[in-house]
Amino acid sequence: MIEGEGGGMGSENASLGSRLVAARDRAFVGRAAELALFRSALSDAAVPVSYLHGPGGIGKSTLLRQFAGEARQAGRTVVEVDGRTVNPTPEDFAQAAADALRDPRAVLLIDTFERCQGLEGWLWERFLPRLPLGAVAVVAGRVAPDPRWVADSGWTGQLQVIALRNLPPGDATAFLRARGVPTRAHNRLLSFTGGNPLALALAAAVAVRGGGEEREWSPDQDVIATLLPQLVGDPPTPLHRKALEVCAHAYVTSEALMRAMVGERAASELFGWLRTQPFIESTASGLFPHDVVREALDADLRWRDPEGFAAMHKQMHQYLFERVRAAPAARMLQAVGEMLYMYRTDGHMPEFHVWDALGIVQDTPCAPADVTRVAELVEEAEGAESAAIVRFWLDRQPEAFRVYRSTRTGRIEAFTAVLWLSERDGPVGEDVDPVLAAAWAHVRRYGPLRSGERLAVARFTVHPPLYQRPSAPTTLAQWRMMGEIYRAERLSWHFVVMRDDGFWDAHLMHFDMLPTHIRPEVGDHRYILYGHDWRAEPVIEWLAAKTDSMLAGGGPDSDGAAAASAAAASASAAKRTRRGELVVLSRPEFDAAVRDALRTLRHQELLARNPLQRSRVVVESGRSLGDVLLGAIDALLDERDGGRRHRAITATYVKPTSTQEAAAARLGLPFSTYRRHLKTAVERVSDLLWHQELSGAAILIGPE
């Protein structure tokens, strides 16, 4: 078909078509390199044939329309053939493109060639060689050309193959501006679309219609339903659809992962099929889809079949978790990153992780030759006092330090240090390092180390250009810490040390790393320790709770997430009880359990569900929880001024009245005085029981 020439914009030729052309021209952005190659071909036809390929929605048809406009402006005859409308036979194709064979100034534009892929051999061998010198042809389709034609010496210098990619961030932002999308919505739309032009256009329409609120925008099901057929077509079987969904959810898909997800028999065939898809990229580690394909498939499955999505997620999680635990040291970071990627939408994960970190910096042990550079980095970021502390720990635990070298320059840009200490070490570093002194103080108060247990402190995370802000080194530091936790034996406390500016609060607290009450100072800076006692909630139970929270859709501040986490923690405690293991509680959890036990002291069915039932203080006493509590209450009588506390707690919990006001009246005390005595009594009972829990000393003797 020859393109009509009624493209002028003068008033005498004005038409709806001319308005459409003008609007498309105004909205077109990017593709500068492709346009430059086409203009070069128009000027001298030095490379007369271009083969343009890329996945659906990447903008091939739009670019061909732009080529057509450029060709008309250059006075060329434009001949267009669309694979969607031409019958895919040599005779019909040749008839549709016949005018290009008669005019040396013709520009032949072939769109949607994947619909005519069976004609590829005929096109290269029979049709294109008949083009007159001076003519230009552009073939556009989803599938890359057969390598035989690219390698054919006859086509050398006559053919250029262009793989069309997503728009880069600058062009994608210009695209959104051209469509009137508010700036506040750009980041979310760019994240979802990955720069895919079709996805950008659909998302922009939704964002403009909804006011473009960044915090609220998400692709609705109309967008997903429109995108998926364009992006991935129609998979041949449900098993092929599952392979796509696995590939979308995983950071990278290997044949081993596919085997774990779909079984031995189908894995190889499905992996091979994925490799041929135009929206799938290959790396040394496996396959991954283009960003918008990943997001659309994941969102569609989660909406369409939430139970199936949850089952897939848990199955993949189990496989990747086992890989983390079994991976050689050199592969641990990659394994951790792939596992954590499954939680990329949970909480603040997108804000605090750089998923391509392994390509930006290299994580290596700190060698003796690196010590000077490490000291320079910490002095630049934290000051001379911190540099002295770094030297102290380098002398004692050089293996705790890792350095991060730029993959581009090889220069060390950052370092981290994770200190591992045991109860045999005692409070090492306490007199030199205020941060370690704070960690040891917290441990002594809330859960001292027991025989064989270890303490981990992520003491330094130093990257001066982006000090303690998300970056490739801080991402790898997080991954290494999590990997060590997943693989550790007898780990008790784990602390992360950050500058006390609140930046990390939401992210770390979402993952149950709670800030301690001590704020140590080193030089001019104050620091905060975030801690977690892994004895209270072991890794497997903790991960199960995080998974349930994410699948329930709870965000970092949602009540639903907190409820899901609490429910999972209760379930894991129940499982430990059934296995006959002791429940290890942190001090805050222990205090809360004591208060709950006192309130339910006279209700055996409620008392039976209290976590103290499986605590050391009860199990090793051989007595009931009620008797242990009564013994601790009676022990108050042996203390100075303990009689007042004993009377207050007895009147409230042992021989209770209807209200606390009535208890105060029975004791003849002002209510404020009664409340003060009761508060100190409960705290003292909890102190006594906590001491017994830690020391294993003789359990208080309750009534016979």
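Mentor: Ala, Val, Leu, Ile, Met, Phe, Trp, Tyr, Cys and Pro count as nonpolar, Asp, Glu, Lys and Arg as charged, and the others, Gly among them, as polar. This is a predicted model, where local features need pLDDT of at least 70 and side-chain atom pairs count only at pLDDT 80 or more, while totals for chains, interfaces and linings use all residues. Residues are numbered from 1 along each chain as its sequence is written, and side-chain values use heavy atoms, with hydrogens and water left out.

Trainee: How many cavities of 30 Å³ or more are there?

Mentor: On a 1 Å grid over the protein atoms alone, a cavity is a set of points where a 1.4 Å probe fits but cannot get out, and lining residues have an atom within 4 Å of a point. Points are joined across faces, edges and corners, and a volume is the space filled by probe spheres set on them. By this rule the count is 2.

Trainee: Which element gives the largest share of the lining of the largest cavity?

Mentor: This cavity has a volume of about 420 Å³, and of its 28 lining residues the closest to its centre are Gln478, Met481, Met482, His507 and Leu508. By class, the lining has 19 nonpolar, 7 polar and 2 charged residues. Among helices (DSSP runs of H or I, at least four residues) and strands (E, at least two), numbered from the N terminus, the largest share, 7 residues, comes from α21.

Trainee: Which element gives the most to the lining of the second largest cavity?

Mentor: About 40 Å³ of space lies in this cavity, and its lining divides into 6 nonpolar, 2 polar and 1 charged. At least two lining residues each come from α2 (32-44), β1 (49-53) and β5 (159-163). The most, 3 residues, come from α2.

Terms used. On a 1 Å grid over the protein atoms alone, a cavity is a set of points where a 1.4 Å probe fits but cannot get out, and a pocket is an open set with protein on both sides within 12 Å along at least five of seven lines; lining residues have an atom within 4 Å of a point.
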